[in-house]
Amino acid sequence: MPILQTILTFLIVFAVGGSICAVAQILIIRTKLTPARILVIFLCAGILLETVGAFSYMRSFAHSGVTVPILGFGAALAKGAIEGAKQYGFMGAFSGGLTATAMGIGVAVFASFLVTLVFKPKTK
């Protein structure tokens with residue numbers, strides 16, 4: 001029985017993450033919004049969902065299907081800011097979000113560096 005539960009979890013993660021990406025793609029195709037603006041909209045949506053407490057319910061259902069896209073990054077920023085404000089006051093709200101997401105940002109920067117060593121980036 002655990003294998004069926006694992007397969008079901010994978011399907012849920014794939015469906016939710018894919019749906020989020022599909023919504024972004026539809027916004028790119030059907031509107032005049034730039035990808036950068038769509039990214040900011042999704043980031044702010046993640047912050048809003050974490051602030052009102054809805055993101056934890058989404059995370060318990062969809063796991064990494066909702067935490068890996070930019071929604072999860074926005075939620076992590078908000079959660080870190082909230083925890084930082086509770087622990088350190090007003091200034092903790094600013095440092096908490098960065099502390100909560102520092103490892104992910106560091107890995108992204110390091111991975112980008114490794115990719116530039118392998119490939120020759122060119123500008124258009």
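Modeller: Two packed helices are described by the angle between their axes and by the distance between those axes. In this predicted model, take helix α5, residues 70-88, and helix α6, residues 90-118. Their axes come within 6 Å and cross at roughly 140 degrees.

Biologist: Which word describes how α5 and α6 lie to each other?

Modeller: Angles over 145 degrees count as roughly antiparallel and 65 to 115 as roughly perpendicular. The crossing is at roughly 140 degrees, and α5 and α6 are therefore oblique to each other.

Biologist: Is the crossing of α5 and α6 left-handed or right-handed?

Modeller: The crossing is right-handed.

Biologist: Which residues make the contact?

Modeller: On α5 they are F73, A76, L77, G80, A81, G84, A85 and Y88. Helix α6 contributes F90, M91, G92, A93, G96, G97, A100, T101 and I105.

Biologist: How many residues of each class are in the contact of α5 with α6?

Modeller: There are 11 nonpolar and six polar residues, and no charged ones.

Biologist: What elements does the chain have?

Modeller: It has six helices and zero strands. Of its 124 residues, 20% count as buried.

Methods. Residues are numbered from 1 along each chain as its sequence is written. This is a predicted model: local features need pLDDT of at least 70, side-chain atom pairs count only at pLDDT 80 or more; totals for chains, interfaces and linings use all residues. Side-chain values use heavy atoms; hydrogens and water are left out. Axes are lines fitted to C-alpha atoms, for helices over the stretch in contact, and angles run from 0 to 180 degrees between N-to-C directions. Helices (H or I, at least four residues) and strands (E, at least two) are DSSP runs, numbered from the N terminus. Angles under 35 degrees count as roughly parallel, over 145 as roughly antiparallel, 65 to 115 as roughly perpendicular and the rest as oblique. A crossing is left-handed if the near helix is turned anticlockwise from the far one by less than a right angle, and right-handed if clockwise. Contact means heavy atoms within 4.5 Å. Ala, Val, Leu, Ile, Met, Phe, Trp, Tyr, Cys and Pro count as nonpolar, Asp, Glu, Lys and Arg as charged, and the others, Gly among them, as polar. Buried means under 20% relative accessible area, exposed over 50%, partly exposed in between (1.4 Å probe, protein chains only).
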